[in-house]
Amino acid sequence: MGNALFIIWRESAEAMLVIGILYAWLKHQPDRAAGMRYLWGGVAAGVGLALALALIMLGVIKTLSGDGLERFQLAMMLIAASLITQMVFWMRKHGRTLKRDLEAGMALNAERANWWGMLTVVALAVGRESSETVVFLYGFGFESHSASEWLLTVALGVGLAFVTFWALQRGSQIVSWRRFFQLSEALLLLLASALVIAAVEKMIMLGWLPTGIDEVWDSSHLLDDGSTLGNLLASFTGYRAHPALTPLLAYLTYWTAVLLYRRRPA
């Protein structure tokens, strides 16, 4: 559940950043009372979008079985890995102008007295974070844990996000938004690569891909991926003590693509 806790913490903190930017902007506006109602209405609508997506996914799961369910789980793993990677690079590109862009959109809607437009902006911003979280959690094995475990994980993740947001808003030189995104970016990419490994292994299990060499090396004497620490490392990074060739090639291909993209000129 460690990877799920991290995802909820990170996504909740980012959603709180968006809400915080808009809340701070609205406090200085003449129509702030009306604006606040639409701000919180947009937050509620965004969370509602995520809950609707979760219910749809649960409905799909109940109608599938056997190979159909395996294919759906595989698709969600690949979608989650793609979304995580896309989200990291989107934030790298737009992070510095996020505050300015959000405030510009809010100012335009306020100027036109378009409060519903403002609600839509907030709902889409919060809904994007919340919906991504739902997809990520299913990709990491939502169905393998009980409802009580997930409720506890969500509560802990949101609580940690609130504490993190409070600390970052205080403007500490040690803990800053820049450091937060740098650290979380690296961890998110590691999680995405772990999903790629899991997806390729599932494709091998379904007979869609060959295994290649069954065991490229054996590092279980150093760290067994069945141990507590090894399992945690496997969940966060895709580590395998007995890696097969095909998943290993997929892992190397993913990181090569990520590093090449990062080195592109701005």
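Visitor: How many residues apart are E14 and R10 in helix α1?
Guide: They are four residues apart, about one turn of the helix. Helix α1 covers residues 2-26; a helix is a DSSP run of H or I, at least four residues, numbered from the N terminus. The model is predicted: local features need pLDDT of at least 70, side-chain atom pairs count only at pLDDT 80 or more, and totals for chains, interfaces and linings use all residues. Residues are numbered from 1 along each chain as its sequence is written, and side-chain values use heavy atoms, with hydrogens and water left out.

Visitor: What makes the contact of E14 and R10 a salt bridge?
Guide: The N to O distance is 2.0 Å. A salt bridge needs a side-chain nitrogen of Lys or Arg within 4 Å of a carboxyl oxygen of Asp or Glu, so the pair qualifies. A network of salt bridges links R10, E11 and E14.

Visitor: Why is E14 called buried?
Guide: Its relative accessible area is 1%. Buried means under 20%, exposed over 50%, partly exposed in between (1.4 Å probe, protein chains only). So E14 is buried. R10, at 2%, is buried too.

Visitor: How do you know that K202 forms a salt bridge with E70?
Guide: Their closest N and O atoms are 2.6 Å apart. The pair links distant parts of the chain: K202 sits in helix α7, E70 in helix α3 (residues 67-94), 132 residues apart. K202 has a relative accessible area of 13%, so it is buried. E70, at 23%, is therefore partly exposed.

Visitor: What joins the side chains of R240 and E201?
Guide: A salt bridge, 2.8 Å from N to O. This pair also links distant parts of the chain, 39 residues apart: R240 is in the loop between α8 and α9 (245-262), E201 in helix α7. E201 has 30% relative accessible area, so it counts as partly exposed. The whole structure holds five salt bridges.

Visitor: Why does D214 count as exposed?
Guide: Because its relative accessibility is 57%. D214 lies in the loop between α7 (177-205) and α8 (228-237). D214, E215, D218 and D224 gather in a surface patch of negative charge. Patch members have over 30% relative accessible area and no salt bridge; like charges are joined within 9 Å, nonpolar side chains within 5 Å.

Visitor: What makes S219 buried?
Guide: Its relative accessibility is 10%, so it counts as buried. S219 is in the loop between α7 and α8. A 2.8 Å polar contact joins its side chain to that of Y239.

Conventions:
Areas by Shrake-Rupley, 256 points an atom, 1.4 Å probe, with all protein chains shown as cover. Lys, Arg positive; Asp, Glu negative; His and termini not counted. Charge placed at Lys NZ, Arg CZ, Asp CG, Glu CD. Helix = DSSP H or I, 4+ residues; strand = E, 2+ residues; numbered from the N terminus. Polar contact = N/O pair within 3.5 Å; in protein donor to acceptor, adjacent residues only side chain to side chain.
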